[in-house]
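Morning, everyone. I have one structure for you today. Let me put it on the screen.

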Amino acid sequence: MGMTMTQKILAAAAGLEKVEAGQLIEANLSLVLGNDITSPVAIKEMDKMKVEGVFNKDKIALVPDHFVPNKDIKSAEHCKCVREFARKNDITNYFEVGEMGIEHALLPEKGLTVAGDVIIGADSHTCTYGALGAFSTGVGSTDMAAGMATGKAWFKVPSAIKFNIVGKMDKWVSGKDVILHIIGMIGVDGALYKSMEFVGEGIKNLSMDDRFTIANMAIEAGGKNGIFPVDDLAIEYMKEHSNRPYTIYEADEDAVYDEEYTIDLSTLRPTIAFPHLPENTHTIDDIKEDIVIDQVVIGSCTNGRIDDLRIAAKVLEGQHVKKGMRCIIIPATQKIYMQAMEEGLLKIFIEAGAVVSTPTCGPCLGGYMGILAEKERCVSTTNRNFVGRMGHVTSEIYLASPAVAAASAITGKISSPYELGM
Amino acid sequence: MQAKGTVFKYGDNVDTDVIIPARYLNSSDPAELATHCMEDIDKDFVKNVKKGDIIVATKNFGCGSSREHAPIAIKAAGVSCVIAETFARIFYRNAINIGLPIIECAEASKGIDAGDDVEIDFNTGMIYNRTKGTEFKGQAFPEFMQKIIAAEGLINYINNK
């Protein structure tokens, strides 16, 4: 019985010839990640441990990004705790305001994540790096502490679901629609404890940013990780961003999967997840009544990359955000921000009446920079639409692609660029 | 090891955002987090919960964000055990790591209602519904997990080794 791509990476990191689903292993870690919410708890736990310091100062990434720039005194104290820990332990990859970005957009851009890596992060969207052919998964603060101290973590080897991707997406369909479609199909616990392995000839039609978005939301189906094969596009990305060596693993031909699905990209339509679960999906064509909204957010670790901003700009160019609506656009990293400036995207956004912010996770988790009042509705390119996620417990979040979010900002109701004749 | 208490019952996909909303994540103090535990799904929970009480839910408890603040808040609120049909994987790991006992048991999840008095024997995995006079066999914790819970978390357990 062969191994899946994930199983092969885990076997290598555990120094084993072979692993199988369900097996408990201890693996060496390539990188341990934390942010300003989860790191303070991990640092407190690590202080209790009888260890001298971190296992490797180059293999830890600390990215204050959730409530940064500090939203209040308590957040400032958390960030100070992370900053002082980074200084004390001489952490190479600590990213201060001015150089930081949203962690899951920042780390690949900085070349810290490559194919074959085993990465844990105290943030559930750590699964993003599967887009590059790495095994990466979210953990809690205690696992982060143990990882920082020892460079190891224990894992139960996951079984897998295979998604065979074929065809090519239409103009206004993107990676977000692919993953929302999948979550709608299998449910928010459809991949519980499992790896989601994306394969097939259609993958060549997905940009790296599409793949990051898809892998990012594997957790929204309960998945342990999401992973893509390493093709020329992924290699090109790694060569451009990283000088670290990478290792390409491929699933065995006789690898066993719990389930297999075929996703024909050419049949997908703009897809929106209604409150209050990412599995409550509807295509734009199924929405018969006007859903009037108050706010649009374009950004986050899911959809704050340059491709996302380009799509939003294409829709918003020469248009205007509907009067009374707020449209908040958040480039995910400083580099993306700069790129958007150089390409003239920021000008398009500001002329359209949108506000553009420094990188932050802020509104996605109801931290700041766009909190919703009672019964307000938001179309957001973020990843969760749980009760109270972006503000008041009666507010509503509709998850969508940057194209749908931008079109909705213009009309003030859930819309797609198709309706605008684009 | 045993637990005994009154049950708070919830449904599918209780996410970590409703267990402890992010607006309170500017704190990492367990006692402070406990005062907002379950706030967005059951605003009376904090008022009504007593030390030893038990949470019972159905599928995918603890889904969403990896925030360890969620099991920390539940434990600090006095809850002695969470029983569910299934748990989201990061929550499962976090709960064990901080020493909050959790048990996967579909039958118990179906056969226990809000307000029932329940007793749990962690050594055998037996769950007794004293109100209804029924019992369920959950999975007993492997020895190393019992030790982690007895040590009140992974870090103490590693230190004690």
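Asn13(B) sits in the loop between β1 (2-9) and α1 (16-19) of chain B. Keep in mind that this is a predicted model.

Stay with that residue. Most residues other than glycine have a negative phi. Asn13(B) is not a glycine, yet its phi is positive, about 55°. Is Asn13(B) buried or exposed? Asn13(B) has 24 C-beta neighbours inside 10 Å, so it counts as buried. The cut-off for buried is 20 or more.

Now the rest of chain B. Eight helices and seven strands make up its secondary structure. The C-alpha trace spans about 45 × 40 × 25 Å along the principal axes of chain B. What radius of gyration would a compact globule of 161 residues have? Near 15 Å, and chain B has 15 Å, so the two agree. Of the 161 residues in chain B, 55% are buried. Then the contacts. Take those in chain B between residues at least 6 apart in sequence: 66% of them join residues at least 24 apart.

On to chain A, in the same order. Chain A has 13 helices and 18 strands. Its C-alpha trace spans about 60 × 50 × 40 Å along the principal axes. For 422 residues, a compact globule would come out near 22 Å in radius of gyration; chain A has 20 Å, which agrees. Buried residues account for 60% of the 422 in chain A. Of the contacts in chain A between residues at least 6 apart in sequence, 77% join residues at least 24 apart.

How do the chains meet? The contact takes 41 residues from chain A and 34 residues from chain B. On the side of chain A that touches chain B, the elements giving two or more residues are α2, α3 and α5 of chain A. That side of chain A divides into 17 nonpolar, 12 polar and 12 charged residues.

Two of those helices also pack against each other. Two packed helices are described by the angle between their axes and the distance between the axes. Helix α2 (residues 39-48) of chain A and helix α5 (residues 141-150) of chain A have axes that come within 8 Å and cross at roughly 55°. That angle makes α2(A) oblique to α5(A). The crossing of α2(A) and α5(A) is right-handed. Which residues make the contact? From α2(A), they are Val41(A), Ala42(A), Glu45(A) and Met46(A). From α5(A), they are Ser141(A), Thr142(A), Met144(A), Ala145(A), Met148(A) and Ala149(A). Sorted by type, the residues of this contact are seven nonpolar, two polar and one charged.

Take α5(A) by itself. Nine of its 10 residues are buried, so α5(A) is largely enclosed by the rest of the structure. Among the buried ones are Asp143(A), Ala146(A) and Gly147(A). After α5(A) comes Gly151(A), with a positive phi near 75°.

Compare helix α10 (residues 306-316) of chain A. It is mostly covered, with eight of its 11 residues buried. The buried residues of α10(A) include Ile306(A), Asp308(A), Leu309(A) and Leu316(A). α10(A) is followed by Gly318(A), and the phi of Gly318(A) is positive, near 75°.

Last topic: backbone exceptions in chain A. Most peptide bonds are trans. Where do we find cis bonds? One joins Val68(A) and Pro69(A), with omega about -10°. Pro69(A) is in the loop between β3 (60-63) and α3 (73-88) of chain A. Another cis bond runs from Pro275(A) to His276(A), with omega near 0°. His276(A) lies in the loop between β12 (271-273) and β13 (281-283) of chain A.

Then there is Met369(A). Its phi is positive, about 70°, although Met369(A) is not a glycine. The loop between β16 (355-356) and β17 (377-380) of chain A holds Met369(A). Is Met369(A) buried or partly exposed? Partly exposed, because 19 other C-beta atoms lie within 10 Å, and buried takes 20 or more.

That's the tour. Questions, please.

Key:
Residues numbered from 1 in each chain as written. Chains lettered and ligands numbered in written order. Predicted model: local features only at pLDDT ≥ 70, side-chain atom pairs only at ≥ 80, totals over all residues. Axes fitted to C-alpha atoms, helices over the stretch in contact; angles between N-to-C directions. Helix = DSSP H or I, 4+ residues; strand = E, 2+ residues; numbered from the N terminus. Parallel < 35°, antiparallel > 145°, perpendicular 65-115°, else oblique. Left-handed = near helix turned anticlockwise from the far one by under 90°. Contact = placed C-beta atoms within 7 Å. Nonpolar A, V, L, I, M, F, W, Y, C, P; charged D, E, K, R; others polar. Rg over C-alpha atoms; globule rule 2.2 N^0.38 Å. Buried ≥ 20, exposed ≤ 12 C-beta atoms within 10 Å, placed from the backbone.
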